[in-house]
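Please keep the sequence and the model in view while reading.

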Amino acid sequence: KIMARLLCEMGVTRHDEVVVKTPQDLKGAFVGEAEKLTKEVLEGCRGKVLFIDEAYSLGDKNDPYYGPVVDTIVGSIHGSPDDPLILFMAGYREEMDRMLRNVNPGLRSRMQVDGAFMFEDYSRRDLSIILRDEVARQNLASIDRITTDVATSVLEKQKNMKHFGNARD
C-alpha cells in the first residue's frame, strides 16, 4: 500500500489502489477461461498496482491452466505509458526462482529474482515489539516479560520452518 501511494504521488500511476490476487483467481475453471480472466484483471489494474501473492504457483507444470495465465501476463505487461500496469509477484525466493525458470522465458527476462525486493524475517526483538503492540491494540491484559519471551521463542522457532510467513504467522 505504501509503494502504491508513492507511485501515485510520483505520477507513475493514476491510483494508489492495490489489487491483490492469487494465481487461483486468474486460472478459471475450464480450458480457455484463464486467458480471459487474466486479461480482465490486468486491464482492470491499469493505472493501479497488481499484487499476485503466491505467484510461484504459476510454475506448477501439473496444472495446465497456469501456462495461459503466464503467457497473457507476458503479452500484456507492456501497455500504454499513460496507463501503466505495475505488477508485484510475491512468493518464497526458491519457489519464485524455480517458477521463473519453468515458465514463459519472457517473464523471466522481465522479472529478475536477483533484483527483487527481499523482506527479511523479523528479529527476536522485532517479534517482541510486534507482540507487545498487538496486545495493546486489542486491549488485552498486558503480558509479563516471561510470557513475552515464551511467545517470542515459539515464533522464532517457527521462523526455521520452510514456509514461515513472517508477519502473517
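A patch, as the word is used here, is made of residues with over 30% relative accessible area and no salt bridge, and nonpolar side chains are joined into one within 5 Å. The model shown is a predicted one. On its surface, a nonpolar patch is formed by Ile2, Met3, Leu6, Met10, Val12, Phe117 and Phe119, which together have about 760 Å² of accessible area.

One member of this patch, Met10, is found in the loop that runs between α1 (2–9) and β1 (18–21). Because exposed means over 50% relative accessible area, Met10 counts as exposed at 61%.

Four bridges join β1 to strand β2 (residues 49–52) in the parallel sense; Val18 has Val49 in β2 as its bridge partner.

In soluble globular proteins, nonpolar side chains tend to be buried together. In this model, the largest nonpolar core has 25 residues, and those with the most contacts inside it are Leu50, Leu58, Ile73, Leu87, Met89, Met99 and Leu107. At least two residues of this core come from each of α3 (33–44), β2, α4 (66–76), β3 and α5 (93–102). The largest share, five residues, is supplied by α4.

Methods: Residues are numbered from 1 along each chain as its sequence is written. This is a predicted model: local features need pLDDT of at least 70, side-chain atom pairs count only at pLDDT 80 or more; totals for chains, interfaces and linings use all residues. Side-chain values use heavy atoms; hydrogens and water are left out. Patches are made of residues with over 30% relative accessible area and no salt bridge: like charges are joined within 9 Å, nonpolar side chains (Val, Leu, Ile, Met, Phe, Trp, Tyr) within 5 Å. Accessible areas come from the Shrake-Rupley method with a 1.4 Å probe; for residues, only the protein chains shown count as cover. A salt bridge is a side-chain nitrogen of Lys or Arg within 4 Å of a carboxyl oxygen of Asp or Glu. Buried means under 20% relative accessible area, exposed over 50%, partly exposed in between (1.4 Å probe, protein chains only). Two strands pair if DSSP finds at least two bridges between them. A nonpolar core is a set of buried Ala, Val, Leu, Ile, Met, Phe, Trp, Tyr and Cys residues joined through side-chain atoms within 4.5 Å.
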